[in-house]
Amino acid sequence: WNGSIQGFEDFANVTADPLLPGIHEVFLARLPALPFTLASPALGLLLVFRTNASYARWVESRVAWGRIVSHCRNVMRQSALWMNTDVDTKEKAR
């Protein structure tokens with residue numbers, strides 16, 4: 001925002017012209033850098049902890065879904081075995 005109003009210098013110390021030269025300097029954001037410098041490590045740690053917590057929840061849900069799939073397969077395997085023995089006994093009775 002400030003670069004579009006008053007221009008900026010790049011890393012090679014080349015000054016670029018402002019993109020919006022007609023806007024008054026009242027609209028410039030003048031904030032001290034110290035609060036942002038002090039808050040950055042805390043925000044970084046908070047982001048890391050939240051990422052780890054969300055990954056742990058994802059792993060837990062993946063394990064739960066694996067258990068559901070395993071139980072469904074076991075139920076289907078047992079019901080298929082029961083159905084096959086039921087059909088075999090009916091065919092032998094004929």
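This is a short walk through a predicted model, from overall fold to single residues. Residues are numbered from 1 along each chain as its sequence is written. Local features need pLDDT of at least 70, side-chain atom pairs count only at pLDDT 80 or more, totals for chains, interfaces and linings use all residues, and side-chain values use heavy atoms, with hydrogens and water left out.

The protein chain holds two helices and two strands. Their order along the sequence is α-β-β-α. Both kinds of element are DSSP runs numbered from the N terminus: helices are H or I, at least four residues, and strands are E, at least two.

Confidence comes next. pLDDT is the predictor's confidence in each residue, from 0 to 100. Its mean over the protein chain is 81, and 70% of the residues reach 70 or more. Helix α1 (residues 2-6) has the lowest mean, 67, and α2 the highest, 87. Where pLDDT is low, the predicted coordinates should not be read in detail.

Of the chain's 94 residues, 4% are buried (under 20% relative accessible area; exposed is over 50%, partly exposed in between; 1.4 Å probe, protein chains only). The accessible surface is about 8,800 Å², with 65% on carbon and sulfur atoms.

Now consider two residues. Val48 sits in helix α2 (residues 34-93). At 43% relative accessibility, Val48 is partly exposed. Asn13 lies in the loop between β1 (8-9) and β2 (15-16). Its phi is near 60 degrees, a positive value in a non-glycine residue. Most residues other than glycine have a negative phi. Asn13 is exposed, at 61% relative accessible area.

Conventions: Areas by Shrake-Rupley, 256 points an atom, 1.4 Å probe, with all protein chains shown as cover.
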